[in-house]
Amino acid sequence: MTGDGELRGILERWHLWDERQTAIASASPLAMDGGSRAGLTLAYLPLFLRGAAFTIVISVLAMTIAIGGGLVVSIARRYGAPPLQAAAGVYVEVLRGTPVLLQLYVLYYGLAPVLPLDAFTAAVVGLGFNYAAYESELYRAGLEAVPVGQTEAALALGMSRWTALRRIVLPQALRVSLPGVANDFIALLKDSSLVSVITVVELTKQMTITAVDVRGWLGPGLLCAGLYLVMSYPLSRLARRLERRLAPAPA
Amino acid sequence: MRLHAIAAGLAMVTAACGRPATDDALARIRSRGTLRWGGDVQGGEPYVFQDPDGGRLVGFEVEIADALARRLGLPAEFVQNDWQTLIPSLERGDFDVALNGIEVTPARRARVAFTRPYYAFTETLVVPRESGAVRGLDDLRGRRVGTLEGSLALDVLRAAPGVDVVLYEGVEEPYLDLERGRLAAVLLDNIIAARSACPDPRCARRRRWARACTRSRSVPTSRPSSPPSTARSPG
């Protein structure tokens, strides 16, 4: 192709031909040179731990937003004025009904002209707002599980609606939701790997970078998986304990 | 003048055993009846991209793959694969040839065989036009410089002391962030720099980049392995 000018023809058609390209006419194919295969060594561990720390920080901050935001959304959806209810409903459906990956792209690149967030903030806010939609559904289930009589009794005792919600309904509703929230935290921990598309280097991204450097995916993959398990297993235990403790006592 | 060259990686199924695999691979390709080649459409123009009219794949690498296949008397079959994992997928045997702006580096030469290079390129550093003091990577200590994960430009940036490297998975995003002021500079191959940061005026489809272009300029990188680039922003 180099000899008969076909390559040059293709490059010229794409306006890629320049004088530098004459250099490749004399170049030859390159066989594998063997070379030394770099291995996964302990030297990579601090990098992985740093990635894991980023994963934890992003997840904790995002979950904080999700827990608070979800509460606001679920209360707006149940007790708000009709327009507020509708808005909360749309929020939940849109954020649950579209991929979080897409939401991160739109938040970081798409909205950049009007909302110039740095990558870390966009990651926390994007994940937090997405999970807020899921948390609000958990709270909604919790709120619905509290018998109407509880509210009626509180109102009959002279409490305002807000006091009744805050002191009587919410404490019971949140108990019902708590195991679900703990489970969602585990899911968020793993979903946080998606923020690498907006340039945040967390644990999974560190794994792919290292995999390229050491030319192997198995070692870095296992190390990465191990660190995720170390982080999620305690949460998993916590979720199960909460489920047991908060289960309705046998009659 | 030393130039970096893009070449296609040639599949070597028995690479791990160190046996010469070229004949085996050719026999396998012939018995299957197609030349499967791997690339990433997200890499975009002018490498491999979808023609807006009809979605057909076009690009100079599509034409090179077709020409290669024609010489073998076979049709070429494109296999989509993330750019960052082209070499592992090639080793797995997902396709016969990886042909998508793969730069010849020592690390890759240890894993696959390369064909004769089909394109010679340089690394181009693009900075906002107002940062007039930036003459090379030495001026970017402590600043955020974007590039593509797994690229030769990343190797160059890692060797530059003090540069805060920001990794992207697509070629458009770093230039978007440069335009938004999230980056101080972007280092990538000159084709990408020329097309993404400063469109070829002959390419009318990319006119939306005109605004970015009036704000950015390219500077030659100071590393000896990256000779001054001939790519220049308009203005």
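Mentor: Of the 235 residues in chain B, 58% are buried. This is a predicted model, where local features need pLDDT of at least 70, side-chain atom pairs count only at pLDDT 80 or more, and totals for chains, interfaces and linings use all residues. Residues are numbered from 1 along each chain as its sequence is written, chains are lettered from A and ligands numbered from 1 in the order in which they are written, and side-chain values use heavy atoms, with hydrogens and water left out.

Trainee: What makes a residue buried, partly exposed or exposed?

Mentor: Relative accessible area: buried is under 20%, exposed is over 50%, and partly exposed is in between (1.4 Å probe, protein chains only).

Trainee: Then why is B:R92 called exposed?

Mentor: B:R92 has a relative accessible area of 65%, and the cut-off for exposed is over 50%, so B:R92 counts as exposed. B:D94 has 26% and is therefore partly exposed.

Trainee: Why are B:D94 and B:R92 called a salt bridge?

Mentor: The rule wants a side-chain nitrogen of Lys or Arg within 4 Å of a carboxyl oxygen of Asp or Glu. The N to O distance for B:D94 and B:R92 is 3.2 Å, so the pair passes that 4 Å limit.

Trainee: How do you know that the salt bridge of A:D213 and B:R158 joins two chains?

Mentor: The N to O distance there is 2.9 Å. A:D213 lies in helix α8 (residues 203-214) of chain A and B:R158 in helix α5 (residues 152-159) of chain B, so the pair joins two chains. Both residues are partly exposed, A:D213 at 27% and B:R158 at 41%. Between chain B and chain A the count is 6 salt bridges.

Trainee: What makes up the rest of the interface between chain B and chain A?

Mentor: Take contact, meaning heavy atoms within 4.5 Å: 51 residues of chain B touch 44 residues of chain A. The two chains bury about 4200 Å² between them, 55% of it on carbon and sulfur atoms. That buried area is the accessible area (1.4 Å probe) that two parts lose on being put together, summed over both. In chain B, the residues losing the most area to chain A are B:R109, B:R116 and B:R182, together 15% of what that side buries.

Trainee: And how are A:E144 and A:R140 placed in chain A?

Mentor: They sit 4 residues apart in helix α5 (residues 119-145), about one turn of the helix.
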